[in-house]
Amino acid sequence: IAFISAVPRHILETTAIILLTFFCILLLRLGKQSTDLLVIIGTLAYGAQRTLPIIQQIYNSWSNFYGHKKSITNVVNLVTIEKDIIFFPDNFKKLDFKKSIILKDISFKYPNSDNYVFKNINIEIKKGQKVAILGKTGSGKSTLIDLIIGLIKPNKGEVLVDQKNIKDNIKPWLKNISHVPQEIFLLSDTIYKNIEFLGNTKFINSEINSAAKIAEIDEFTEKLEDKLDSYVGDNGKNLSGGQKQRIGLARAF
């Protein structure tokens with residue numbers, strides 16, 4: 001963008017000099033006096049000096065706007081998402097989950113890649129069963145989780161919850177899901193507000209305190225003067241990695 005914005009200035013200046021030179025030659029051939037020629041050329045040169053920077057500025061602004069158009073569009077699309085439906089789908093009932101999650105003949109590869117992360121895999125996870133997914137870095141552990149959650153769709157096959165395809169029931173299925181990532185995002189606020197998160201005032205104190213207790217946050221908050229009302233600092237700088245994880249767990253509960 002910076003290169004494209006700067007190039008026309010040099011082209012315009014070079015073009016202006018060439019045009020002035022040809023204009024001088026033309027006037028001399030027409031027999032103009034040198035004094036008249038000097039006045040005309042001086043006037044044109046002064047006009048060009050004042051006009052070219054304005055033309056360049058207009059072009060520079062246009063090219064910057066056009067170059068960032070995609071980013072602007074992405075931001076506009078993001079901030080106009082219907083938050084209460086996408087992030088907090090209270091209008092949807094939970095998808096019934098009483099028996100099992102089944103990954104049936106799942107194949108998946110990322111866009112612009114020829115290599116499949118998974119090919120024709122079949123997995124069944126019973127309700128209440130605890131499952132650990134093990135593997136080397138890059139073997140597809142996070143991808144498998146994302147497929148089960150419904151954040152990405154398989155190229156082939158189905159993810160079934162009690163024989164219902166989550167592709168057709170994604171929002172009701174998401175109401176069953178809590179996900180705790182490795183890196184927890186924390187607001188520069190209190191521990192309490194970070195568990196409640198995004199000012200979701202439908203939660204009551206007893207629920208927040210219960211979630212904190214299950215996540216064993218009280219192990220370190222009891223030593224703090226303000227307990228759950230203690231500030232975590234900028235992105236949790238006052239907390240250890242493990243303490244941040246516990247807040248993430250409490251938020252999920």
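Colleague: Is Gln33 buried or exposed?

Modeller: The model is a predicted one. Gln33 is found in the loop between α1 (2-29) and α2. Its relative accessible area is 52%, and the class of exposed residues begins over 50%. Gln33 is therefore exposed.

Colleague: How many Å separate Gln33 and Gly138 in space, C-alpha to C-alpha?

Modeller: In sequence, Gln33 and Gly138 are 105 residues apart. In space, the distance from C-alpha to C-alpha is 79 Å.

Colleague: What percentage of the residues of the protein count as buried?

Modeller: The protein exposes about 18,200 Å², of which carbon and sulfur atoms supply 57%. A residue counts as buried under 20% relative accessible area. Of the 253 residues, the share that counts as buried is 24%.

Colleague: In what order do the elements run from the N terminus on?

Modeller: The protein has ten helices and four strands. Among contacts with a separation of 6 or more, residues 24 or more positions apart account for 64%. From the N terminus on, the order of the elements is α-α-α-α-β-β-α-β-β-α-α-α-α-α.

Colleague: Which elements do the buried residues of α5 pack against?

Modeller: Helix α5 covers residues 141-149, and its buried residues are Thr143, Leu144, Leu147, Ile148 and Ile149. Just after α5, Gly150 takes a positive phi of about 105°. The buried residues of the helix pack against β1 (100-108), β2 (118-126), β3 and α6 (170-174).

Colleague: Which residues form a nonpolar patch on the surface together with Leu44?

Modeller: Leu44 has its place in helix α2 (residues 34-67). At 39% relative accessibility, Leu44 counts as partly exposed, and membership of a patch requires over 30%. The patch has about 370 Å² of accessible area together. The residues that form it with Leu44 are Phe23, Leu26 and Leu30.

Colleague: Why does Thr221 count as buried, and which residues is Thr221 in contact with, leaving aside its neighbours within four places in sequence?

Modeller: Thr221 lies in helix α9 (residues 218-221). Thr221 counts as buried because its relative accessibility is 3%, whereas the class of buried residues extends to anything under 20%. Leaving aside neighbours within four places in sequence, Thr221 is in contact with Ile191, Lys227 and Leu228.

Colleague: Where is Lys227, and how does its relative accessibility classify it?

Modeller: Lys227 is placed in the loop between α9 and α10 (241-252). Its phi is near 50°, a positive value in a residue other than glycine. At 34% relative accessibility, Lys227 counts as partly exposed.

Colleague: What is the phi of Asp162?

Modeller: Asp162 lies in the loop between β3 (156-161) and β4 (164-165). Its phi is positive, in a residue other than glycine, with a value near 50°.

Conventions. Residues numbered from 1 in each chain as written. Predicted model: local features only at pLDDT ≥ 70, side-chain atom pairs only at ≥ 80, totals over all residues. Heavy atoms only, no water. Patch = residues over 30% accessible without salt bridge, like charges linked within 9 Å, V, L, I, M, F, W, Y side chains within 5 Å. Areas by Shrake-Rupley, 256 points an atom, 1.4 Å probe, with all protein chains shown as cover. Salt bridge = Lys/Arg side-chain N within 4 Å of Asp/Glu carboxyl O. Helix = DSSP H or I, 4+ residues; strand = E, 2+ residues; numbered from the N terminus. Buried < 20%, exposed > 50% of the residue type's maximum accessible area, 1.4 Å probe, protein only. Contact = heavy atoms within 4.5 Å.
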